[in-house]
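Okay, thanks for coming, everyone.

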Amino acid sequence: MIQIDILPLAILMTSMGIAPVLFAIPDARSRLRTTINLASASAKLALVIWLSIRVADGAVHAARLPVMPGLDLVLQADALSVLFAALSATLWLLTTIYAVGYLEKEPNRNRFFGFFSLCVGATAGLAMAGNLFTFLLFYEVLTLATYPLVVHRGTAAALRAGRLYLAYTLGGGMLVMLGTVWLWVLAGTTDFVPRGVLGGLAESHPGELRLIFVLLIAGLGVKAALVPLHAWLPAAMVAPAPVSALLHAVAVVKAGAFGIVRVVYDVYGIDTAADLGVTGPLAAAACVTIVYGSLCALAQDDLKRRLAYSTVSQVAYITLGVALAGPVAAVGGLAHLIHQGLIKITMFLCAGNLAEARGIKAVSEMAGIGRTMPATMLAFSLAALAMIGLPPLAGFVSKWHLAAGGIATDQAWVVAVLLGSSLLNAAYFLPILHTAWFREPAGAPAAAKRPIGWMLGVPPAVTAALVLAAGLLANAPFSPLGWTRFIISLEYS
Amino acid sequence: MIPADPALAQWPAALVLGPVLAAVAAFIWPRAGAVVGLGASAATLAGALALALQIHDSGPIRTVPGGWDAPLGIAMYADGLAALLLVMTAGVGTAVALATAGAGPRQGTFFWPLWLLLLGGLNGLYLAADAFNLYITLEIVGLAAVGLTALSGTPESVRAALTYLLAGLMGSLLFLLGVALLYSAHGRVDFAGLATATAAGPAVSAALVAMLVGLALKTAIVPLHVWLPAAHANATPPASALLSALVIKGSLYAAMRLWLAVFDPAAALGTLMGLLGAGAIVWGSVQALRAPRLKLVVAYSTLAQVGLILLAFAVAGDDAAAVAWRGAVYLMLAHAVAKAAMFLAVGRIVAAVGHDDLDRLAEARVRPGPAQFAFALAAVSLIGLPPSGGFVGKWLLLEGSIAAGTWPWAAVIAAATLLSAAYMTRVLAQFFRTDGVPGGEIVRPGWTRADAVPLALALAALGLGIAAAGPLALLAPVPASGVTP
Amino acid sequence: MTTATALLYGLGGALLAGMALYRLVTAADWLRRIVAVNVLAVGVASILIATAYRGPAAPADPVPHAFVLTGIVVLVSTSAVALALIRLLHARDENHHDSR
């Protein structure tokens, strides 16, 4: 039966419903478009904040639509969905402001913002998905809506990257679909229920459940950029900076990681997954990704590609946290979902500013840029230090919990991986900072291509401030860490 | 189950007679063609919806026009499957008719009589309750389709129409042979009687094979498909839309109905059909990847989609098979809507750009945005990505294959998705590419009235992925477990 | 009517059908193909008529006759359409030739 609940539907429609309007507005009417964009982004953020208050009080919000016999589209707000939805709503508002400034006077802005809206709508949809079927639907919509953004510039290189992107993500989507249908046939349900929905199937069909797990994780792992399924991410850096920042550093990769969290916690349940023996290989895959991503980042001179490989490595922390099968590690992994999102978007927005203002795209071109663009480089430095794991910044908090979780579950080798990864992070970030602040510029400084107005300058500053706050105020109940502790208490108690 | 008042109970026959009479009227008064055509299409749509609602409430309907009942008379039988396809035909047809009426008299004065004849024939086909009636209506549909193929009058389309006519005639002769063999074995040809008859033996097997091969010729199942690419790619856009979306479904439905209601085919034959389907998917997709023209890509995509639907024949086991059949029928529905949208959108694109050449599309200065968007949305449904009718159909087909334990078919379905994504991306990449334009100045014509129908159809294809509960409820009793007498 | 006659009609029909199929495949132009299809249809009709045989004493079964009649009607109308299309094709080709 159809069940209507205004709040989840409204959160979905503030972006999905706005998209057709944005498509229809001609390129030239930029003030109208900007107004609509900012209004809907702010409305979405307000609704998500209200939703989080309601969920913290224990209210249940669920909307449901039957599609096939026994299969419903379900939008439901639990603590985990609010976490992800809040991240994407906040960052959408900031990135929209940035994108308006970045794409000033470029062609096809109506197409860009229309698809941008659809992407954020899809992210909200999969955050609030109440079963694997709904998650799959929005997962694929995200793929479809991001393709036009990757190929936005219309060059041959962009189209090649787009083709690679689609090949990987559609292949991954097909794997998730196969796993979901198999699960549906086997278990009769695809609902997300804390601690799993499989019941006694683990004893009767262990082999099949393991295969389904592999299918699902492989499919989700494409978007989560697990090695060796990660090749699309560096290639997708050809997209404009707002796309790389919000979508490829935050929304798309986090959608994959979020899916993995949902599968392990709410479809299988952590105990069943551990009993089936699938958490060990998952942890191993995550560690390989962490190390490999960092090593590749060392070799990149192009700034965005270095950041892309860094993303590959960092998103695997979330997978690691889930796979370590312990509450402390889980807190670390989930908190890192938020922290890494804030840190990475700061860095990508700064990279965008460097390219727009001075045409700087490679690390080797960044000598002395700290003196000509101090605000941008300050934000970038803060984010880089947070990523390395300097206390008391955000990255330290999540890495510390992951290490403690590893020790608590007798997997102390995790600490070695984390330490090694932090060292590698330092190895590829500190030289950038050194070049930017302490090296002399190579020749006369290039004339500024365009000034960094408030639209390009404020968003990275805000996200950098949030990175600082997430670390300093980590013990406050409304911080990402506090919220994550609340979520994990539901799964593990 | 014959309702109380015999005269009024025969109203489904109007769904066949009405369009045919309207066709005559449109032929006699060509200037009133559009009005008659649109009116008859809309009336048929209303009638089909009313029939669907009635069947949803009170079960299948059976009428006997003229009072002559089986085995010698002609009965009309409508269950959920027939009703769904009737609504599909009338709905998609009305949309295409709207697009043609809006395009002005350039589409040729004979479009309206041909379309109305096609509509009447298809309605008769879906309402047929015996094998010989199936033959008659297949012929009517075939003739109308040949006319539609040749409508543009260009030498390529006339040659394609002749090839189609020849292939169709061969198919009909085989089908007639099958009907005669069936009659010689059982003494009757109506579905209700045949369903309960138990005689097996060489005559029945030969009949099955003859009918299936004949229908395969008409449905363009690889390797008997050679007429289709030329026929669909060289016709005018509305004609291509009708041919790919509606005509193909007629013979496919006939094969489905015979398979489920009349014969009890061996599992090996089902596997053979599945293999033919897999071959069609591969061949159609490979040719679509290599096709030099946009309309050829769309035509080859039809071949691949028919192959996908054929996979349902291969799934055995009662519960699993029922789900797979429902998936196949939903795929037919989704494909009809999406393919009509796609051909109409391609018509708009070719009109705006001036040519059909896929490799030069990226150099075009004119980019018809709404038409390209409609094409992209239709492609989403054809690939089978959510939210679309194609996704729901594919899900059900996949569910059926996995439930029956036949993993190879599931792998084929996955491959079909990825292959269709590949050739659709080939076209979409040309839409997005802007660095090949000589001079660099790109013109984006805005919205025109002619973009409304393709976009509406494409959105309907997506909507079928959300609002699937209604149509699936109609299909619940599929496979038709017996056509009740 | 004897069994032998019925068999003769059946075999004759099959023979006609075979010859027509061969000609269909090897014919060079459309008119010959249409003629071949017509002969094929006659062959199939003969086979159908042969199946109407019900034994030496009983009259033949009229239902297959009805099938054949319908088939002939369909064949005639389809051949008419085919011939019209062939004429159209030749007219286009002639125009093409004249315009050179």
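So, of the 2 pairs of chains in contact, chains A and B share the most contacts; two residues are in contact here if their C-beta atoms, placed from the backbone, lie within 7 Å. Before I go on: this is a predicted model, where local features need pLDDT of at least 70, side-chain atom pairs count only at pLDDT 80 or more, and totals for chains, interfaces and linings use all residues. Residues are numbered from 1 along each chain as its sequence is written, and chains are lettered from A and ligands numbered from 1 in the order in which they are written.

Back to A and B. That contact takes 26 residues from chain A and 26 residues from chain B. On the chain A side, the elements giving two or more residues are β1 (62-68), α6 (132-150) and α7 (156-187). Helices (H or I, at least four residues) and strands (E, at least two) are DSSP runs, numbered from the N terminus. The largest share of that side, 13 residues, comes from α7(A). By class, the side of chain A that touches chain B has 20 nonpolar, 4 polar and 2 charged residues. Nonpolar means Ala, Val, Leu, Ile, Met, Phe, Trp, Tyr, Cys and Pro, charged means Asp, Glu, Lys and Arg, and the others, Gly among them, are polar.

Now C against B. Here 25 residues come from chain C and 22 residues from chain B. On the chain C side, α2 (30-50) and α3 (62-98) each supply at least two residues, and α3(C) gives the most, with 16 residues. That side divides into 17 nonpolar, 5 polar and 3 charged residues.

And what about A and C? No contact joins chain A and chain C, and their closest C-alpha atoms lie 42 Å apart.

Last one, α4 (residues 79-102) of chain A. Of its 24 residues, 22 are buried, so α4(A) is largely enclosed by the rest of the structure. Buried means 20 or more other C-beta atoms within 10 Å of the residue's own, with C-beta atoms placed from the backbone.

Note on methods:
Buried ≥ 20, exposed ≤ 12 C-beta atoms within 10 Å, placed from the backbone.
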